[in-house]
Structure formats: structure tokens, C-alpha cells
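Please read it with the model open.

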Amino acid sequence: MSDVDVRPPAAATGTAGAADEPSGVRGAFSALTARMRGGDLGVAPVVAGLIVIWTVMQILNPVFLSSDNLSNLTMEMVPVGVISLGVVFMLLVGQIDLSVGSLSGVSAAVTAVLFVDQGFNPWLAVLAAVALACLIGWVYAQVFNRFGVPSFVITLAGLLGFLGLQLHVLGAKGAINLPFDSKLVTFAQLDFVPPWLAYTLVVIAAAALYGTGQARASARRKAGLTATSQRMLVLRSVAVLAGLALAVWYLNRDRGVGWMFVFFLALVLVANYVLTRTKYGKAVYAVGGNVEAARRAGINVRTIYTSAFVICTTLAAIGGILAAARLAAANQSTGAGDVNLNAIAAAVIGGTSLFGGRGGAWASLLGILVIQSISNGLTLLNLDSSYRFMVTGVVLMLAVALDSVARRSRASAGRA
Amino acid sequence: MANPGGVLLVPIHEEDAAPPHGSPPSGPPPLPTKASRRFVMSSSPPSPTRSVAADAGTSGGTPAPLLSLRGISKSFGAVAALSGVDLDVSAGEVVALVGDNGAGKSTLVKTLSGVHPPDSGTITFESREVSVTSPAAAQQLGIATVFQDLALCENLNVIENLFLGRELRGLRLDDVTMEVRSRELLKQLSAKIPSVRVPIAGLSGGQRQTVAIARSLLGDPKVIILDEPTAALGVAQTAEVLNLIERLRERGHGVIMISHNMADVKAVADTVAVLRLGRNNGVFDAATTSAEELVAAITGATDNEVTRRALRSAGAAAVKTPAQPAGTTADKEGDADE
Ligand SMILES: Nc1ncnc2c1ncn2[C@@H]1O[C@H](COP(=O)(O)OP(=O)(O)O)[C@@H](O)[C@H]1O
Ligand SMILES: [Mg+2]
């Protein structure tokens, strides 16, 4: 906008605040603690929780942190992780989708029927299933926007309805096997990134992190703002480089890094960019934080809600198709059982607030990592799903309690 | 609906006989009780004979007000929220809009901000007659409103709130420029915000008010309307916001401030426009009018608990020679006599 009534950047002095962009390691730390005191916990609790869980699991069973098991873990977390990324969008706008499980089941069933029974090209089958999910999300949004029905009621109806549709589509057989040699199945089971490419990607990631950080810092310095120090930038990139390279090396001792995991990572990165670096992303947070304020700021609130519904149902469909591909079958239990709740729980455990407007794309990855680690670790201990449910329930309870406490602390910080 | 003139026409209260009360020791010349009751004016629509700004004398008399309302009426079904209200605001003038609950202050502000267009009456902005049919139209004209509920997103930081809905470079946010502009703007307002990167949730009420006002300034408005900017604030924060309002005046904005607090009104306003039961009940020069007189105009009578209390606390100072009020007050009497 040109009508903004302030001087050009060159006139800025950058003295308006002390605790702004952290410039060094200590600055970064104090900024983090200040944020946390204000009730914005970010990903700190889930990272702490993950360390605790991994430590306990490793003590209970030394196989847990083996290359073999971790490689497996990164693959099995993807389907529900993708679904939970969609749930993050819904939670950010302050709504919820309870039907993601059965939507993923329907999408898997539709894909399988079109691909296997009808002989469609597999990608066309996938596209059709995803388009159907898009349409469903759009219909949800229309009901929500026009009739003001709460999203949890709409999607509760959807949960039931689409479970029925899934059973109907699958027919009497109740299961459709996907050919093992189809691209869909190999993608979810057998395709791993060749080591040289994996290391190259790691180097590119670290270089990109440094490059964008450097560009940002110099732009800020030029504008007279405080900026991350050169040392901090280098340190951060080196840490990422070392961490990722170590992870790739460790996973490559076994099967390596699955393409499906890379796909999930890419989705998270794109979602993260969209949420943090675009006007649309700010609108999503604004709608979740204060709808009235968003409306008065000229944001088309209905469009934002519609987009969240559609993104959520679309990602649920993709997650469901990946789940079926991983199993090489779409059956009546695809997307059933704890898929729905795990997807929602992952988003919340990862730090997305149930109250709207707080959280982010990384929450889905971190949250599903927690849930899948618990599930995987307990399975290694030969404990049945009853324990898994109970432990996951306790962790979810902790996450929600933390969310509520953080909200209270924000409220009291605001009175300061 | 009571006729505001009734107070003038039927002065039956026993205090009429009593000696007139004075103002606080340091205040302007005392004023006869009776005079204060005669600020009964223009529920008769078009009588735009004078410019408020000229009387307020802030800048030696500007020719035409920036914003002029004439004969604004607005009904909600059977409720006449506004009937024939006039209001003038000049550039660099702070007009306090006061009145009891239900007097129509918020409704008047909403007609200006395009929330409820008026049923009748004219709005003249920069000497052109305009119609404010929507909030967007109001912003287009250069009329910004900061509503009492502020409408900020607590989860977003100061920069994000300032630029919400008008971010620079939508697909790859230019947050450096947005931060620079945010800091510049807040600096111009001498705002005390710890950091532009803290979420609103971490700010005090006064700081939030400041952010809301700064946000309204981004559209470069000529007139800024503040609905009860100090109502929810403590003493220090109120002072902060009042300073900010003075800064808006220095920048040459016309400011309309709704307030219930006579101390705030006296502290910062140039002119005080009183609404009562949806009608004008006087326009006063803030510098020469006492809080008691304003309260009298607001309540429509000197004889009520509020003024009696004020009188009691005024104490012995009340016994003083009545003096003829100056400035706006005198003009008002003239108007009322028409
Ligand atoms: N949207 C509305 N619908 C019906 N009546 C309204 C509406 N807004 C205001 N009113 C009425 O108009 C009158 C003036 O209200 P308002 O402008 O809110 O007063 P104030 O802000 O001075 O307290 C009141 O009698 C109120 O009940
Ligand atoms: Mg009001």
C-alpha cells in the first residue's frame, strides 16, 4: 500500500524495542523464555516430551532406537501425519473436523475401486478420490458458513455418513487388495531415497536455511533493525546439517529415508511457509484468534473457513490413500479405529491450540512422532493396543492441560 | 421522549434560588447554575451558523470544519436513537462526545463509520457532501474508527495486527518493511510498546489501545473516532492514551472521542459536544467549562444525585460572584435563544 503514513525504511532507527529479533545465542534463548512466559509454548513441550518418551522406550527395549525400527517409524507415521496436518488448519481457524478418519477410509476405498476394479490409471484414481474429498470439504464449508452449524456437528454427521459410504463402496468383499507392483504401493513401502541424493538434499536444506537467514538478516540490517548474528546463522545451519546428516546416515544403515517420509516433510514445509510467510496464513491465524477482528480487517472470513475445510478433507484423503498403499489394501478398517483421534491428538500434542489461532505445521510432524513412538515402543514390548490407547490418552490429556494452562497464563500476562 | 427544552422551560427546582455553585479552585470562572441549564440547543435541524473550531480557537479559526454533521437522524424501529444531531470537527481538534448511556453516542459514531447509515441528515467531509454507506467507504474517505472492543487478534504480534488485511507482498510477506513502518508509526506516536514482535496477548490495555489507534492511522485518515478509549484503563495507561490523543491532534487529525470520564474530557478535548436522548444538548469549550456544567448538560438538569454530589464536594468555594461565561458558552446561549 502506498498510503501508509510513515517514512521510508532508511529513516528507521531500530531503537523502538530491546527484546526484538534475537541476535545471538543468548538473545535467542531469552526471546524463547520471554515467549514462553507469555503463554506461547511453541514446540518446546512436545520436543521435551519426545526426548522423555524416546529415552524411556530405549531403556525398556534397546531395539527401539535401532536404524531398522526408526526407519520403520518414519514410514508408518506418515499417513496419520498427513491427516493431522489438515487437522492443524482446522484447529488454527478455531474449528475441528471429526470426520478425517472416515474420509480417509472413503478416499482409500474410492481409489482402490477405481484403480483395481474399474481399471483406471492409478493416478487418475487418486485424483478422483482427492477431488471427491475436496468437494466434501467444500460442502462442509457451505453448511458451516450458510447455516452456522458448528463444525463438530457437521463433521460428526460426516464421520457417520462417510463410514457408511466407505462400507458401501467396498461392497460385500469389504476389502480390495492393491497390486504389490503398483507405483502406489512401492511408493509407500519400498521407495527409499538413494543415499547420495539424501545427503545432497541435506546439504541443500542447510544451505537454503543459511541463505534465507543471511538474506533476511542483511535486509533487516539494511533497514536498521536488529538481526540474527552471522555466528548464529552459521551455527544454526551447521547444527541442521550435522543433525540431518547424522539422521540420514543412521537410517541408511538400514533401509534409509523413505520417499513417502520426504513427501510428508515437503507437505509440512509448504504448509509452514503458507502459514507463516503469506497473507493467507496471517488470515488463518487472525480468524482463529478473533473472527470479528479479522472481518473488520477486510478478511473474507468465509473464504478462509472454506479453505481450511477443503485443505483438511483433501489431506485426509491423501493420508487415507497412503495408509491403503502402505497396507497394499483398502479395507473396512482403513481410517477406522484410532486413526481419527490420533490425527486430532497429534495436532494438539504437537502444540496446536484447541482454542484456535495458535500452533503450526510442525505440530503435525512432532505430534505424530510422539504418538507413533508410543505406539511403536509399546508394540515392541508386546503390549497390546489397550496400553497404547491408555498411554496415548494420558499424553493427550497432558497436552490439552498444557494448552489450557498456557491460555490462562496468557490471559494473566495480558493484565500485566 | 422527554423534550430537552423542558428543563429550560420549567425550572421548578428549589436550587434555583440557591447561590450558584463554583468550580474547583483552579478551574475557570464560576458559572451560574441557571446558565448551565440553558445550553439547550438545536434539536431543530439545520442551524449550522457557526464553526465549532472557530470558537474553540485552537488554530486561530479554521474556515470550514473538516467534518460536519447536520440534522442526523436515525431510528431503530420505534426507538429514535438520533434526532437532528449536528456535530463539527476541524483538523487538529479533539471533540469529546459525551452523554448518558443510551444518549446515542455509539449510534452517531456508527453513522460516521458506515455501520448504520443515517435515515436523514447530511455529512459534509472536506466541504463536500458525502454518504458513508459502508465501513469501506468510511475508510476510503479518511474516517477511521477505533471501536471500544478494539478488534485486535491476541495471538498475533503488533506488526501482524497493524498490517492485518493489508500485508505487503501477500505471497512472500515483506516483514522487514512492515516492521520498519510499524516501528516508525509507533515512534511518531511516542508509544511505549516493549517490542513490536510480542503478541497482543502480552500487552497491557493501554498498549492495546495504542496499537488499535496506530492501526487506524495506517490508512492515513483525516478523522479518527475513538469509542471510550480510556474506559477499561488504569490511571497510568489512561495518561498514556491521552498523550497519544494529543499527538493525534498535533499531527493535524480531527479526533472525536467518546468518553464518560469528565476528567479525561477536560484533560484532552478542545470542544465538548453533549448528546442527550438522541439530541444535541450543547457544545462547550472544554477549557472554560467545568465538569459540573458538563454533567448538568449530560443529565439534563442540575438537580440530581451527580450534581448534588459535585456541589457538596465543591464546598465553600461555591459562594462566589457569578460571572458571565466566555467563549462557546456565550455562543451557546445565543443559539439556545433562537
Ligand atoms: N442496533 C440497534 N437496534 C436497536 N436499537 C438500538 C441499536 N443501537 C442502539 N440502539 C438504541 O439507540 C439508543 C442509543 O444507543 P447508543 O447509541 O448505543 O447510546 P450510547 O452509546 O450513547 O450509550 C438506545 O436507546 C439504544 O437502545
Ligand atoms: Mg455506547
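Which residue forms a salt bridge with B:Glu126?

1. The partner is B:Lys222, and the closest N and O atoms of the pair are 3.8 Å apart. B:Glu126 sits in the loop between strand 4 (120-125) and strand 5 (128-130) of chain B, while B:Lys222 sits in the loop between helix 8 (205-217) and strand 7 (223-227) of chain B. The pair therefore ties together parts that are 96 residues apart in sequence. B:Glu126 is partly exposed, at 33% relative accessible area. B:Lys222 is partly exposed as well, at 36%.

2. Keep in mind that this is a predicted model. Over all chains, the structure holds 22 salt bridges.

3. Look next at helix 7 (residues 175-188) of chain B, which carries both B:Arg183 and B:Glu179. Their side chains meet in a salt bridge, 3.3 Å from N to O. The two residues are four apart in the helix, so about one helical turn separates them. B:Arg183 is buried, and B:Glu179 is buried too.

4. That pair belongs to a network. Salt bridges with shared partners join B:Glu179 and B:Arg183 to A:Arg220 and B:Arg197.

5. In chain A, check A:Asp254 and A:Arg255. Their side chains form a salt bridge, at 3.9 Å from N to O. A:Asp254 has a relative accessible area of 30% and is partly exposed. A:Arg255 is likewise partly exposed, at 38%.

Note on methods:
Residues are numbered from 1 along each chain as its sequence is written. Chains are lettered from A and ligands numbered from 1 in the order in which they are written. This is a predicted model: local features need pLDDT of at least 70, side-chain atom pairs count only at pLDDT 80 or more; totals for chains, interfaces and linings use all residues. Side-chain values use heavy atoms; hydrogens and water are left out. A salt bridge is a side-chain nitrogen of Lys or Arg within 4 Å of a carboxyl oxygen of Asp or Glu. Buried means under 20% relative accessible area, exposed over 50%, partly exposed in between (1.4 Å probe, protein chains only).
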